[in-house]
Amino acid sequence: MTLLGTTRKVPKFGARYVLESQIRAMLKFFWLIAAMAILNPLLYLVSFGIGVGSLISQHIGPHGIDGVSYLTFIAPALLASSAIQSSMDETIFSTLEGFKWRKLFFGMNATPQTGNTIAGGVFLAAMVRTVIGVSVYSAILYFFGAMNSPHAYLAIPIAIFAGASFGAIMLAFASHVHNEDLFLTIIGRFLIGPMFLFSGTFYPLKSLPSALQIFGWISPLWHATELGRYATYGHQISVTMVIIHFAFLLVMLVVGLFFGFRQFSRRLAK
Amino acid sequence: MLLSAAVAIAERREGKFGDRYYAGRSRAVLERSFIAFKSSTWFVVLSGFVEPVLYLFSFGYGVGRFIGNIDAGSGKMVSYAAFIAPALLATSAMNGAVYDSTWNVFFKMNQSRLYHGMLATSLGPLDVALGEIAWALMRGLIYAIGFMAVVAPMGLIPSWWGVLAIPAAVLIAFGFASVGMAITSYFTRFQQMGAINIALLPMFLFSGSFYPLTVFPGWIQAIIKALPLSQAIQLIRALTLGVMQVGLLVHVLYFLVMITFGLFITTRRLDALFMR
Amino acid sequence: MSENLIEVQGLTKKYGEFVAVNGIDFHVRKSESFGFLGPNGAGKSTTMRILAATSRRTSGEVSVLGRDPEIHGPQIRAHLGVVPQEGNLDVQLTVTENLYIYGRYFGLSSKFIRSKIDDLLEFAQLEEKRDTKVDALSGGMKRRLIIARSLVSDPDILILDEPTTGLDPQARHILWDRLFRLKEDGMTLLITTHYMDEAEQLCDRLIVMDKGSIMSEGSPAELIREHSTREVLEVRFGSEQNVRMAPAMEKFCDRIEVLPDRILLYTEDAEAVLEEIVGAGHSPKTSLVRRSSLEDVFLRLTGRSLID
Ligand SMILES: Nc1ncnc2c1ncn2[C@@H]1O[C@H](COP(=O)(O)OP(=O)(O)OP(=O)(O)O)[C@@H](O)[C@H]1O
Ligand SMILES: [Mg+2]
């Protein structure tokens with residue numbers, strides 16, 4: 001005999017309830033997210049791909065960087081970068097909102113939900129948004145003729161993978177945050193900004209001074225971009241490097257999820 | 001009697017123009033920002049000029065290698081870094097001012113009810129608007145000086161006229177902050193704030209920061225040139241590169257109009273909102 | 001010499017089509033303590049905001065210190081100390097900083113404000129919390145700080161919208177005592193409240209509002225005399241029984257009110273009525289004899305109890 005009634009069972013896959021509530025919250029911003037998902041790639045591609053691209057082809061000829069048009073060159077980098085951006089936005093803001101701003105997680109935790117299911121739900125919701133965002137982005141790239149190689153579609157799972165890895169790390173970081181102003185500043189100004197700018201996004205990493213190239217090596221965006229470039233236009237890359245790129249992203253994903261889930265449970269138990 | 005202190009102060013501007021809206025004390029509102037700043041995380045506020053510097057390094061030197069020198073208008077050839085540096089200064093003036101006058105103002109207006117408290121005293125709505133904007137401008141000034149201090153030694157400001165880029169950045173920030181605050185006063189939900197990002201992104205990407213507008217057809221150039229960020233870039237670029245013409249006064253006038261218009265609407269809206 | 005600091009005639013306030021205040025008239029004399037009593041949504045706060053020059057009226061005449069608050073907002077507000085119903089402390093600042101900057105909004109010198117801060121902190125019993133961020137205060141502490149803050153400019157008129165809501169009994173009594181002293185020093189007080197005891201203690205004169213209109217006006221004693229009897233007998237027959245017993249009770253007194261949990265019998269001599277009831281063979285579970293209060297006036301005028 002147990003004192004707990006048998007009808008009150010704990011839901012099996014609790015994360016899906018959290019996932020549902022996260023997605024409902026996201027739908028409130030539907031138009032905003034949709035507009036940004038479409039406008040962002042369009043505007044960046046036109047502005048950088050065509051605008052800056054025309055300056056580059058004036059200077060060094062139409063097959064300037066890496067033997068392809070500038071638009072084709074930056075396309076996989078922008079795709080991976082947008083995946084990282086949307087998965088990160090979602091994990092960071094949901095986590096801060098849940099622990100700090102509206103303290104929603106503490107309410108959820110009063111139901112059969114646990115730290116793990118809540119963290120899982122938040123992460124999965126971020127992945128849903130990332131997958132949708134990446135799909136829209138790829139479709140636009142296709143129309144710009146930047147996805148023409150036969151295995152270009154591989155760039156899609158690569159970008160999603162990069163989003164997952166970075167989202168997982170941010171989930172772990174954000175769950176520790178108490179001073180969110182400081183955190184958001186550091187993340188925005190000293191992590192995301194430099195990552196976007198110095199990961200070989202707009203020119204090959206090799207053309208940076210070697211001291212700055214280190215930054216690319218620790219950046220998931222660079223690893224994903226290298227893989228993406230291989231997929232979309234056959235950028236030269238050795239098998240060893242392919243393994244290193246994948247291994248890096250995988251380690252980030254696992255470490256991020258491990259520490260994220262652990263901290264969610266700990267913080268809720270406090 | 002002691003109790004007349006607050007009253008006597010309030011009577012000073014009595015009968016003067018606009019005494020319903022302006023008590024001549026926006027300094028107190030500015031002081032409030034300063035007190036809040038002292039206990040906030042300094043680092044957050046002061047590191048604001050890092051972003052344009054990073055863009056400058058990445059694009060100016062990274063992309064610049066593949067571009068070489070560039071015609072900055074009137075046949076003057078300059079390095080790519082010198083071409084984008086003034087644009088980045090203008091853009092960061094815009095971004096800072098917009099952030100301060102939208103997110104921050106929205107929070108104080110709707111969440112923390114800070115302005116309700118201020119407007120229950122003998123302050124008027126214009127005092128609040130000016131005081132808040134003044135704070136944004138002081139930040140903008142510090143960022144502009146910080147940026148110039150990094151950029152000038154690298155030889156990216158070929159002309160001594162470039163010093164004027166600092167007050168110009170403040171003027172630009174003033175324009176954006178006034179209009180930004182006016183627009184924010186119409187917002188009631190956080191979601192609407194996203195509309196601002198959507199409006200700013202194309203401006204950032206197409207206002208001639210990263211390449212001359214001549215890559216576009218003529219009619220598109222004309223539209224872009226009328227947008228505030230493009231005006232700002234034209235003004236600052238002319239100053240840092242030393243291309244001085246009387247025509248620059250048109251840009252200055254443009255921002256003076258923005259400031260007046262923005263302040264006018266903001267004051268009326270604050271009054272209407274809090275006098276409901 | 002009784003000079004009117006505030007005069008209101010035909011004041012009406014509409015929010016869209018909805019009439020929140022419906023053509024009310026009243027005046028407040030210097031050094032008077034004037035109360036607004038009424039159920040939720042009666043229009044008390046709306047009236048207060050108009051007097052505080054932070055809301056525009058739809059029609060009617062309002063004069064505060066001889067001036068129109070719509071035209072001379074900043075000048076009138078310089079004379080006022082306002083405690084709004086909803087808190088609007090500066091959450092980014094500490095307790096002391098809140099007091100300080102509020103004084104600065106009035107244009108007072110730093111030196112002058114600093115000389116007052118200790119007194120104000122003592123007034124609010126927040127000496128120990130002086131350097132605490134406002135966010136970290138309890139609800140009652142915030143309330144006390146808002147009240148202290150309203151005094152920083154030495155106002156002539158203090159406008160208090162439900163000042164003691166959320167205070168514990170001890171803090172309420174301390175506040176009453178402080179307000180009493182301010183009144184003795186010649187300050188004019190405007191108070192809204194849901195607490196009858198508070199109104200009876202603090203107000204020289206009050207108006208009872210309901211649905212935007214004034215139901216009655218006078219001193220607490222006058223209102224009780226006018227709208228109630230000297231004494232009240234409260235009897236309880238148990239929750240289901242009260243309604244059933246009501247008709248039988250009517251003949252014992254001038255007037256009765258049937259509430260969900262008890263019956264109120266209005267009479268000049270409650271003891272005698274109780275004896276009659278028992279003598280007639282009824283046996284209430286409990287009974288209470290008391291003097292009439294503003295609560296009864298309120299019930300009579302609005303048909304509702306105050307805190308619904
Ligand atoms: N800004 C507003 N917009 C629309 N309606 C309002 C607004 N403020 C108040 N009202 C309405 O006006 C009526 C009177 O409100 P008011 O706040 O004056 O009531 P009150 O007497 O102070 O009530 P309470 O005891 O609950 O504080 C209410 O029905 C309220 O819904
Ligand atoms: Mg009220």
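Reader: Which residues does Ser87(A) touch, not counting those up to four places away in sequence?
Author: Touching here is contact, meaning heavy atoms within 4.5 Å. This is a predicted model, where local features need pLDDT of at least 70 and side-chain atom pairs count only at pLDDT 80 or more, while totals for chains, interfaces and linings use all residues. Residues are numbered from 1 along each chain as its sequence is written, chains are lettered from A and ligands numbered from 1 in the order in which they are written, and side-chain values use heavy atoms, with hydrogens and water left out. With that settled, Ser87(A) touches Ala126(A), Thr130(A), Gly163(A), Ala164(A) and Gly167(A).

Reader: Is Ser87(A) buried or exposed?
Author: Ser87(A) sits in helix 3 (residues 70–101) of chain A; helices are DSSP runs of H or I with at least four residues, strands are E runs of at least two, and both are numbered from the N terminus. Buried means under 20% relative accessible area, exposed over 50%, and partly exposed in between, using a 1.4 Å probe and protein chains only. Ser87(A) has a relative accessible area of 1%, so Ser87(A) is buried.

Reader: Which residues coordinate the magnesium ion (ligand 2)?
Author: Donors are N, O and S atoms within 2.8 Å of the metal (3.2 Å for Na, K and Ca), and water is not among the atoms, so sites may look incomplete. Here the distances run from 1.9 to 2.1 Å, through an OG and an OE1 atom. The residues are Ser45(C) and Gln85(C).

Reader: How many residues apart are Ser45(C) and Gln85(C)?
Author: Ser45(C) counts as buried because its relative accessibility is 16%, while Gln85(C), at 41%, is partly exposed. Ser45(C) lies in helix 1 (residues 44–51) of chain C, and Gln85(C) is in the loop between strand 5 (80–83) and helix 3 (95–105) of that chain. The pair links distant parts of the chain, the gap being 40 residues.

Reader: What share of the residues of chain C count as buried?
Author: Chain C has 11 helices and 13 strands, and its C-alpha trace spans about 75 × 45 × 40 Å along its principal axes. Of its 308 residues, the share that count as buried is 57%.
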